[in-house]
Amino acid sequence: MSSAMASVALLTPSATSLSLRENSKRIGFGKKHGHLLFKGKASGRVSMTVAVNTSRFEGVTMAPPDPILGVSEAFRSDTNELKLNLGVGAYRTEELQPYVLNVVKKAEKLMLERGENKEYLPIEGLAAFNKVTAELLLGADNPAIQQGRVSTVQGLSGTGSLRLAAAFIQRYFPDSKVLISSPTWGNHKNIFNDARVPWSEYRYFDPRTVGLDFEGMIADIKAAPDGSFVLLHGCAHNPTGIDPTPEQWEKIADVIQEKNHIPFFDVAYQGFASGSLDEDASSVRLFVKRGLELLVAQSYSKNLGLYAERIGAINVVCSSSDTAARVKSQLKRLARPMYSNPPVHGARVVANVVGDPNLFDEWKQEMELMAGRIKNVRQRLYENLSQKDKSGKDWSFVLKQIGMFSYTGLNKAQSDNMTDKWHIYMTKDGRISLAGLSLSKCEYLADAIIDSFHNVN
Amino acid sequence: MASEDHSHGGSVFANVTQATEDPILGVTVAYNKDPSPMKLNLGVGAYRTEEGNPLVLNVVRRAEQLLVNDPSRVKEYLPITGLADFNKLSAKLIFGSDSPAIQENRVATVQCLSGTGSLRVGGEFLARHYHERTIYIPQPTWGNHTKVFTLAGLSVKTYRYYDPATRGLNLEGLLADLSAAPSGAIVLLHACAHNPTGVDPTLEQWEQIRLLMRSKGLLPFFDSAYQGFASGNLDADAQSVRMFVADGSECLTAQSYAKNMGLYGERVGALSIVCGSADVAVRVESQLKLVIRPMYSNPPIHGASIVATILKDREMYHEWTIELKAMADRIINMREQLFDALRAKGTPGDWSHIIKQIGMFTFTGLTSEQVTFMTTEYHIYMTSDGRISMAGLSSQKVPHLADAIHAAVTQH
């Protein structure tokens, strides 16, 4: 106590400027606590500050830009009029404009008219949202839902839902690891790293066939320790666009059952792959039908265009309703110290659209239009590539791949060439977002791809 | 192996137990289940009108109308750090628009999920980048603080704060405990309207705390959830923070718009880190992005857009200050009414702390047995530490509450 008083006495408000060195000598704190020139009365403002080598955070290094989200930043800085942003998976119209769905606008107007309040949601989120979300994923008549075996907790879009699941895995399955596809969405590894969940990769993309390395995938899943979590993309695999066939899904389910693995689906593109919401959920439903317990992280960013509202869910399908209730209670315990309770706006939009038969039908139509535009663009790009490339390279993978992305097979140097020479922005793994492509730009893109592929190593 | 466990039907989740309800949010859960017409929810700190209804501020409705009816608005991902305008305006709101720290570009501000999210991101950043991994929190403090910081990777210690004997600040204990803290340790400070006690240091006491912390190189981490709600004046309620920043110190500040703009469910807040130099601030911001991206990628747009719309428009800002003052005044009025009611009944004890304490909450001093009694017999819901939310009280409910307190105190 007395030393505190002594220190206080030395720094009386009426003291005129004390240099940093004088302070150090009298009070004896080191350079790293770096306090600055103090001048004038305590309640007044200092008119000058000094900050050389005195920050506690001096050792903090500059982090690299995010490999996916950083692409858009770089795109914005480019002044060239030919520039094209094929980085992040955000849907664009043919005019390359962002798109707010009509059903979303209608829902927001309805919400405004009703004048709903802004009270805290429960930790697990909006009940109406959770209900329609599980039903959208599994089908309203799914026995798992009717038996109360599905625990659904609203999360911050796909990322937030994956993170909650990862935190749950870390706490309750500390000896288990997650198997992730090679390649996978760039942020998956970050999520598991930050949640301290170990992971390893299973073979997925075969560059020779530009298709699925099915045997490698099965072998790696078999080789993993029993009871591992297997991260599966429900549809429209990101970044490759390569999905297993229904037969292959059955075999994957067989192996997972054999090994007592726990399937962990990431469903970010339901509706965007084939255009049909039900068809795109068939992989998940297949596993549920077998009686497997599993996790599913869902996102409404793309299919309802609600990117910035951060709306999604983590679903855990359990063997009993009692288990589902317990699991839900523990997911809540993880959410509370992260953000307390989730944002209400996006949840209400979803509940209004998915929960209203008319808006839901209208949504299905808009969904088909969006998915349809991407299919058209794939077709045009494929035609341009085939016509313009005289080397005889097989570009049909563009047509076979599914969803927003195409994995071009371009390596980093070639991807850099796309950007540096052609002002086409994409991720360095060779992934392009077809959602950001218009029919009118397909030719330009084809030229760029052909050039990068053949002239750059 | 989970599959060998038959007691739960062979579930892989067999060892997952039922968690208890969150102690604060669980109060509302219990309240909702109660069928009694007399029931009163004084649990969670959400403002209620005199009629007992939730309130959406007029200026918030207006801002929302503008946003929803604007055909040029899109829902593209925000940057990881959030809405730029919102961040700048939030920093100005808490630090003052003339703050040298802002003018010198020394403040890294990132939009987060309300107060909780800002505290969590700040805690994670410190756990990764700061050499001292212990945070000192006041005793008592908001129930969620310990969990937030622990899961962020910090270890949590406490410093004395509340003196039950005086129902005021234990300044001597506070200064002693902070003196004993290792140099450079992180110290959580409630910027105003301390939760749950409502006991705030005076400006002179803040000055003593500031000087001590400065001499020990302790790092302040402000939790500002009630700016404008404590006194009714936004600048007055930011004095503690501004005092610390004024001497050039580095600090962290978690801001929430849940209460002062009534945006509870929208989850709007900001984390600001005041750094020693602009260069450090740039690097710090880049590292904050690495914390956020694997947590939820980027923050939600709706609430932040509402805040930015209001803060950047002179007239709307002014309207906000008026509505905010009205809320703060109603709470002060409830304090006076409750105090008067207890005095009129001759309820034993000194109840002056009801009118001395500041902000949404009153730390009644009731024991957990007395609290249980009040819930069971009078259907009054509050947290077991005796904290009541004055924001949930109305004139017509004051007599019922006074009766309940009187009965609890005289019968237990």
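How many salt bridges does the rule find across the interface of domain 1 of chain B and domain 2 of chain B? The rule finds 0 there, a salt bridge being a side-chain nitrogen of Lys or Arg within 4 Å of a carboxyl oxygen of Asp or Glu.

This is a predicted model, in which local features need pLDDT of at least 70 and side-chain atom pairs count only at pLDDT 80 or more, while totals for chains, interfaces and linings use all residues. Residues are numbered from 1 along each chain as its sequence is written, chains are lettered from A and ligands numbered from 1 in the order in which they are written, and side-chain values use heavy atoms, with hydrogens and water left out.

An automatic or database assignment gives domain 1 (22-55 + 329-411) and domain 2 (77-312) of chain B. Their C-alpha centres lie 28 Å apart. Contact (heavy atoms within 4.5 Å) takes 18 residues from domain 1 and 17 residues from domain 2 of chain B.

Now for the meeting of the two chains. Here the rule finds 13 salt bridges between chain A and chain B. One of them joins Asp22(B) to Arg336(A), with the closest N and O atoms 2.8 Å apart.

The table gives buried area, the accessible area (1.4 Å probe) that two parts lose on being put together, summed over both.

| Interface | Buried area | Share from carbon and sulfur atoms |
|---|---|---|
| Domain 1 of chain B and domain 2 of chain B | about 1,500 Å² | 61% |
| Chain A and chain B | about 9,000 Å² | 59% |

In chain A, Phe57(A), Lys118(A) and Tyr120(A) lose the most area to chain B, together 10% of what that side buries.
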